[in-house]
Amino acid sequence: MKKEKVQERIIRVASDLFYRQGFNSTGINQIIAEADIAIGSLYNHFSSKNDLLQTYLAKEETEWFSGFEAHSAKISDPVEKIFSLISYRKQLQQSSQFAGCHFIKIIAETGESSPSVSDFVKLHKAKQKEMIRKMVDEYAETRSDIDVDLVTENIFLLIEGAVVTSTINKNTDSFDLIQKMIEAQLS
């Protein structure tokens with residue numbers, strides 16, 4: 001097994017803490033202690049806690065999109081790909097024990113106090129919506145009665161709402177419900 005590099009360990013520990021207990025509730029000293037490093041090691045790799053937060057968000061975004069790509073790699077039908085996105089988000093909720101979306105959690109915590117963080121989260125969600133738009137566009141090629149903008153927005157909002165509802169209720173019922181709603185919209 002390959003030995004974990006110090007920077008990778010710092011990112012892993014900080015990511016886990018930011019997600020589990022929140023950015024504001026996680027102190028530099030806790031990261032240093034749990035990563036089992038010296039304070040100088042942290043600052044050799046990251047100029048500040050905010051710098052570490054930016055790295056965390058970039059890592060989560062990369063993992064989110066590559067995870068979906070792997071989850072849906074064998075699916076070519078655009079409607080099935082949309083359903084695959086629903087099952088992917090459902091799977092993320094289950095594997096995190098319904099801890100919620102990394103990006104929603106961080107923006108809820110930091111708000112507009114850090115423009116670089118809020119801009120990153122907004123851009124991440126815009127990329128998700130654009131991914132949905134491409135699926136809806138592909139589906140619309142076979143249908144002339146589809147309002148691509150409206151359907152894209154509906155699917156995006158339904159999925160985001162299902163994530164929040166799932167986090168609150170600690171179950172996946174909302175994903176099953178939105179799949180039925182989207183099936184009805186696309187039929």
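Helix α8 (residues 148–169) comprises 22 residues and extends 31 Å from its first C-alpha to its last, close to the 32 Å expected at 1.5 Å a residue; the expected span is 1.5 Å times one less than the number of residues. Helices here are DSSP runs of H or I of at least four residues, strands are runs of E of at least two, and both are numbered from the N terminus. The model is predicted, with local features requiring pLDDT of at least 70 and side-chain atom pairs counted only at pLDDT 80 or more, whereas totals for chains, interfaces and linings use all residues. Residues are numbered from 1 along each chain as its sequence is written, and side-chain values use heavy atoms, with hydrogens and water left out.

The buried residues of α8 are Val-148, Val-151, Thr-152, Ile-155, Phe-156, Ile-159, Glu-160, Ala-162, Val-163 and Ser-166. Buried denotes under 20% relative accessible area, exposed over 50%, and partly exposed the range in between, with a 1.4 Å probe and protein chains only. Viewed down the axis of α8, these buried residues fall within an arc of 160 degrees and therefore line one face of the helix; the arc is that of the directions from the helix axis to the C-beta atoms. An α-helix has 3.6 residues a turn, so residues three or four places apart point the same way. The buried residues of α8 pack against α5, α6 (102–110), α7 (115–140) and α9 (173–186), contact being defined as heavy atoms within 4.5 Å.

Helix α5 (residues 78–95) has 18 residues and reaches 25 Å between its first and last C-alpha, close to the 26 Å expected at 1.5 Å a residue. Its buried residues are Pro-78, Val-79, Ile-82, Phe-83, Ser-84, Leu-85, Ile-86, Tyr-88, Arg-89 and Gln-93. The cover over the buried residues of α5 includes α4, α7, α8 and α9.

Arg-89, in helix α5, is buried with a relative accessible area of 4%. Not counting residues up to four places away in sequence, Arg-89 touches Trp-64, Cys-101, Lys-125, Gln-128, Ile-159, Glu-160, Val-163 and Phe-175. Gln-93 is also placed in helix α5, and counts as buried at 2% relative accessibility. Leaving aside neighbours within four places in sequence, Gln-93 is in contact with Phe-98, Ala-99, Gly-100, Cys-101, Val-163, Ser-166, Thr-167 and Phe-175. The C-alpha atoms of Gln-93 and Val-163 are 7.3 Å apart, although 70 residues separate the two along the chain.

A search of the whole structure returned six aromatic pairs. Rings of Phe, Tyr and Trp (its six-membered ring) pair if their centres lie within 6.5 Å, with planes under 30 degrees apart counted as stacked, over 60 as edge-to-face and the rest as tilted. The rings of Trp-64 and Phe-65 have centres 4.8 Å apart and planes at 70 degrees, so this pair is edge-to-face. Trp-64 is buried, with a relative accessible area of 7%. Phe-68 and Tyr-88 form a tilted pair, at 5.7 Å centre to centre and 55 degrees between the planes. Phe-68 lies in helix α4 (residues 49–71) and Tyr-88 in helix α5, so the pair ties together parts that are 20 residues apart in sequence. Both Phe-68 and Tyr-88 are buried. Ring pairs link Trp-64, Phe-65, Phe-68 and Tyr-88 into a cluster.

Charges over rings were also found. The charged end of Lys-49 sits over the ring of Phe-23, 4.3 Å from its centre, and Lys-105 lies over the face of Tyr-19, at 4.4 Å from the ring centre. The criterion is that NZ of Lys or CZ of Arg is within 6 Å of the ring centre and within 35 degrees of the ring normal.

In UniProt, an unreviewed entry places the feature "domain: HTH tetR-type" at residues 4–64. Over residues 4–64 the chain is 77% helix and 0% strand, with the end C-alpha atoms 22 Å apart. The UniProt annotation "DNA-binding region", also from an unreviewed entry, covers residues 27–46. Residues 27–46 are 75% helix and 0% strand, and their end C-alpha atoms lie 14 Å apart. UniProt positions are in the numbering used here, feature names are shortened, and annotations may be inferred rather than shown by experiment.

The chain contains nine helices and zero strands. Its C-alpha trace spans about 60 × 35 × 30 Å along the principal axes. Of the 187 residues in the chain, 42% are buried. Among contacts with a separation of 6 or more, 62% involve residues 24 or more positions apart.
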